[in-house]
Amino acid sequence: MYHAEMPVIGTAEAWRCAARGFLAQGIPPEAILWNNDGTAPDLFASQARPPPNGDIHVPRGFVALADKVVWHSDPSRFSRLYGFLWRLRGARGLMSDRGDVDLARLRQMEKAVSRCQHKMKAFVRFRELGDADAPRRSFAAWFEPTHHTVEPTATFFARRFADMDWRILTPDVAAIFEGGELRFEPGHPRPELPQDASEQLWITYFRNIFNPARLKVQAMQSEMPKKYWKNMPEAAAIPELIATAPARARAMAEAAPTLPPLRAARVQARLPEANPYWQGPAAELPAAINSCTRCPLYRPATQAVPGEGPTDADLMIVGEQPGDQEDLVGRPFVGPAGQLFDQLAAETGLPREAAYITNAVKHFKFMPRGRKRLHQRPNGSEIHHCQVWLRAELDLVQPKLILALGATAAEALLGSGKDILQRRGTIERRVDGTPVLITLHPSYLLRVPDRYLRERATEDLRADLRLAADWLVQRETLIEP
Amino acid sequence: MTRQTLDQKLAILSDAAKYDASCASSGSTKRDSRDGKGLGSNEGTGICHAYAPDGRCISLLKILMTNFCIYDCTYCVNRVSSNVPRARFTVDEVVKLTIEFYRRNYIEGLFLSSGIIRSPDATMSEMVQIARKLRQEENFRGYIHLKTIPDAAPDLIAEAGLLADRLSINVEMPSDAAVREHAPEKDPGQIRKAMGDVRLRKEAAKDRSHTGRRPPRFAPAGQSTQMIIGADGSNDAMVLGQSTRLYSSYKLKRVYYSAFSPIPDSSAKLPLISPPLQREHRLYQADWLLRFYDFQLDEITSVTPDGNLDLHIDPKLAWALAHREMYPLDVNRASREMLLRVPGFGVKTVNRILSTRRHRSLRYEDLLRIGASMKKARAFVVAGGWTPGRLTDSVDLRAQFAPPPEQLALF
């Protein structure tokens with residue numbers, strides 16, 4: 001028979017040493033008496049030997065489990081842990097079998113200790129001792145944990161309250177932190193702690209943050225069991241708060257006047273806009289676009305994205321619609337496709353900065369998917385509703401050449417977005433005669449999965465941009481003489 | 001007027017803050033004061049330091065800087081036309097309260113909100129001053145949550161994000177029309193732009209410079225928002241539609257739903273109903289399914305004809321009852337995605353089932369030990385030693401979960 005006496009302070013380390021020795025010597029669980037808390041040793045203990053030394057290897061998961069379970073108040077915890085350790089020798093996979101009866105019980109105990117630690121972090125209440133102006137202020141708390149939680153939890157308080165001295169006294173163990181050093185002493189009876197002025201303020205806060213119109217006593221008690229109440233100053237206010245809540249809620253409701261239906265205002269807000277042409281002054285165009293509610297796209301979007309650039313530009317570039325980034329920033333072509341376009345334009349000598357750049361549709365159309373927004377192509381009706389803004393921008397800029405990027409732009413400018421791969425690189429004319437050079441949208445290049453096809457498409461876009469650049473230069477040389 | 005004491009101010013300004021639903025203090029950067037030069041720590045998980053009898057936790061000192069306000073939002077107790085008593089903290093008073101409460105382990109930090117006084121900029125700059133004083137003079141390393149004012153200057157919001165762990169901007173109502181109706185001075189577009197701006201700054205703060213230095217983190221615990229439920233005519237499909245857009249557009253950490261509750265001296269424009277706490281609860285459950293269980297919005301809201309969630313049973317159970325052709329599932333064979341759709345199985349339960357399945361096949365008792373809520377799940381699963389038989393398709397299955405019909409009160 002072996003006998004392992006576990007100390008009240010430093011239990012985790014002591015248990016680990018003892019278990020290591022027993023296991024290394026192959027001593028079965030039934031040959032060990034575990035003892036703790038100063039209770040009388042078993043009848044056979046007089047003939048018992050202390051634990052031997054040794055070294056063993058156990059799954060890491062078990063070490064973490066044991067380091068919690070040793071602090072449980074159940075006297076059988078040591079033998080349970082050792083019994084399970086003994087079983088682990090033959091079956092290492094046992095740690096991940098959540099249906100195992102022994103492990104399930106240990107996990108339960110682990111959870112109870114963790115919960116108790118969590119409650120200690122929450123429900124310890126310090127009172128100030130001595131001078132509030134001292135360089136290191138001094139505090140003390142009395143706490144009654146369910147398990148032996150002071151020792152494993154004290155480091156939390158040391159990390160949090162490092163610039164003051166404090167002590168947490170319990171019937172079991174006292175944690176004392178002085179001058180940055182943490183130590184443990186045996187338990188105390190409940191001390192008389194001095195009154196603290198902040199406590200009254202805290203009770204005031206507790207009383208007033210409670211909303212009497214939503215009394216939920218059970219929800220409170222399941223998280224803050226009554227056993228903790230006696231050491232929490234604010235808990236004394238609870239019975240009265242509960243008792244007066246229904247009357248206070250009723251008084252609030254009765255004091256309230258009646259109201260008209262909400263329908264009327266909603267109907268008013270939905271009045272359709274009759275005029276399809278926008279005829280305001282140029283300076284008001286961005287603001288007008290921003291307040292557009294013609295199609296439903298405005299609802300989920302952050303903001304509308306009007307075009308930008310010199311209003312006397314020769315070249316107008318029309319894309320499809322703002323993307324995720326443009327929607328947040330409020331400016332066109334700032335996302336990945338915009339950056340790619342800028343780079344290609346610079347390579348091919350297209351005067352990107354001198355162009356007016358905008359989109360066929362001004363609000364971002366997307367589908368929420370988890371924490372992402374998936375881009376969606378605007379439909380015919382949305383393109384149609386947004387025409388009024390594109391037309392206003394065309395009237396404002398009166399470009400010599402329009403570069404249509406992709407099918408949506410072609411549809412908005414020319415009435416059809418079909419067969420875009422065949423039409424690209426050609427110039428078509430709008431009803432009023434303005435030439436439109438059709439090309440691919442840069443975001444298409446970002447989406448082509450095949451590398452060869454992507455490079456070919458990039459080359460196509462480059463060629464079109466060069467064509468636009470040349471067209472503009474030729475036009476200038478034609479005019480100048 | 002006699003001067004108010006700190007205690008009187010605290011009473012008024014915490015009373016005014018009790019309608020804010022957010023209390024989270026988790027998810028920020030890890031830090032502590034072991035160097036002895038500061039106060040406080042943050043370990044990633046929040047701590048609830050007390051619970052009020054309304055069942056809500058008290059984690060942060062949740063107060064208003066002032067409840068004077070120039071706006072007239074109908075749902076708000078602090079609107080300009082309300083007759084509630086008014087008070088205003090000084091910067092030093094808020095700092096002192098936070099530090100003294102924190103030292104006594106009452107709180108995890110500060111959640112500061114405010115009525116709008118003088119101008120949005122003036123209000124926001126005073127709030128930033130409080131945060132700056134806490135961080136820089138008191139070396140406070142606990143949690144700070146600032147409720148930003150959407151109309152405030154961008155550089156004030158930028159500084160707030162560097163000092164606070166979390167920023168929030170309330171969308172207030174589920175639809176733009178309702179915001180315009182109830183909060184005439186607030187602009188839903190401006191609120192969205194402010195949220196977009198926070199997301200962009202947060203993302204910009206992730207990029208290292210060319211020397212590899214990381215810029216200071218911007219609102220490391222993210223941003224959140226709050227929506228009032230039950231004050232306008234929106235149904236749950238509209239509410240959840242709004243939140244999915246908010247999550248995807250602005251990468252919000254949380255959307256809080258706050259059941260509209262009667263407020264003292266409430267406006268004539270609001271319905272006189274008791275707060276639909278159950279509805280709020282169901283919305284949180286549905287929100288959870290959207291974010292962690294891969295449910296799509298229409299799956300959850302199409303189960304009932306009016307677009308509202310079933311108040312008697314939770315949304316996952318409601319979905320399962322409407323799709324019984326997919327059940328029962330064999331816990332020993334079903335995929336992770338399908339197991340997550342079993343009522344009574346949470347993410348933890350499913351992970352435990354999958355890890356145990358690698359060793360052996362699971363029996364009914366194993367599921368109990370793993371922590372599954374078998375009272376709910378038993379009708380939908382097959383396991384060793386258990387088949388639900390005709391239970392899955394039984395006509396009265398819903399009745400087994402729904403609360404018994406209540407006798408209406410006569411008086």
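The model is predicted, so local features need pLDDT of at least 70 and side-chain atom pairs count only at pLDDT 80 or more, while totals for chains, interfaces and linings use all residues. Residues are numbered from 1 along each chain as its sequence is written, chains are lettered from A and ligands numbered from 1 in the order in which they are written, and side-chain values use heavy atoms, with hydrogens and water left out. Chains A and B bury about 7500 Å² between them, and there are 64 salt bridges over all chains.

**Where chain B meets chain A**

- On the chain B side, 90 residues are in contact with 86 residues of chain A (contact means heavy atoms within 4.5 Å).
- Carbon and sulfur atoms give 56% of the roughly 7500 Å² buried here (buried area is the accessible area, with a 1.4 Å probe, that two parts lose on being put together, summed over both).
- Tyr51(B), Pro53(B) and Arg103(B) supply 11% of the area that chain B buries against chain A, more than any other three residues.
- Between the two chains the count is 9 salt bridges (a side-chain nitrogen of Lys or Arg within 4 Å of a carboxyl oxygen of Asp or Glu).
- One salt bridge pairs Arg214(A) with Glu280(B), with the closest N and O atoms 2.9 Å apart.
- Polar contacts link 37 residue pairs between chain B and chain A, both residues at pLDDT 80 or more (a polar contact is a pair of N or O atoms within 3.5 Å; within protein, one must be able to donate a hydrogen and the other to accept it, and residues adjacent in sequence count only if both atoms are side-chain atoms).
- Helix H6 of chain B (residues 188-204) gives the largest share of the side of chain B that touches chain A, with 7 residues (helices are DSSP runs of H or I with at least four residues, strands are E runs of at least two, and both are numbered from the N terminus).
- Sorted by class, that side of chain B has 37 nonpolar, 24 polar and 29 charged residues (Ala, Val, Leu, Ile, Met, Phe, Trp, Tyr, Cys and Pro count as nonpolar, Asp, Glu, Lys and Arg as charged, and the others, Gly among them, as polar).

**Salt bridges up close**

- Side chains of opposite charge can pair when their charged atoms come close.
- Asp163(A) and Arg103(B) meet at 3.0 Å, N to O.
- That pair crosses between chains, from the loop between helix H5 (150-160) and strand E5 (165-169) of chain A to helix H2 (residues 91-103) of chain B.
- Asp163(A) is buried at 16% relative accessible area, and Arg103(B) is buried at 10% (buried is under 20%, exposed over 50%, partly exposed in between, using a 1.4 Å probe and protein chains only).
- Within chain A, Asp67(A) and Arg16(A) form a salt bridge at 3.2 Å, N to O.
- Asp67(A) sits in helix H2 (residues 60-69) and Arg16(A) in helix H1 (residues 11-24) of chain A, 51 residues apart.
- Asp67(A) is partly exposed at 27%, and Arg16(A) is partly exposed at 28%.
- Arg352(A) and Asp342(A) pair at 2.7 Å, N to O.
- Arg352(A) lies in the loop between helix H12 (336-348) and strand E9 (356-359) of chain A, and Asp342(A) lies in H12 of chain A, 10 residues apart.
- Here Arg352(A) is buried at 14%, whereas Asp342(A) is partly exposed at 28%.
- Shared partners join Glu128(A), Arg137(A), Asp196(A), Glu100(B) and Arg104(B) into one salt-bridge network.

**Helix H7 of chain B**

- H7(B) covers residues 236-250, and its 15 residues reach 21 Å from first C-alpha to last, close to the 21 Å expected at 1.5 Å a residue (the expected span is 1.5 Å times one less than the number of residues).
- The helix is mostly covered, with 12 of its 15 residues buried, including Asp236(B), Leu240(B), Tyr247(B) and Tyr250(B).
- Lys251(B) follows H7(B) and has a positive phi, near 50°.

**Around Glu144(A)**

- Glu144(A) is in the loop between strand E4 (138-142) and H5 of chain A, and Glu144(A) is partly exposed at 27%.
- Beyond its neighbours within four places in sequence, Glu144(A) is in contact with Pro171(A), Arg190(A), Lys230(A) and Asn231(A).
- Its side chain makes a polar contact of 3.2 Å with that of Lys230(A) and one of 3.1 Å with that of Asn231(A).
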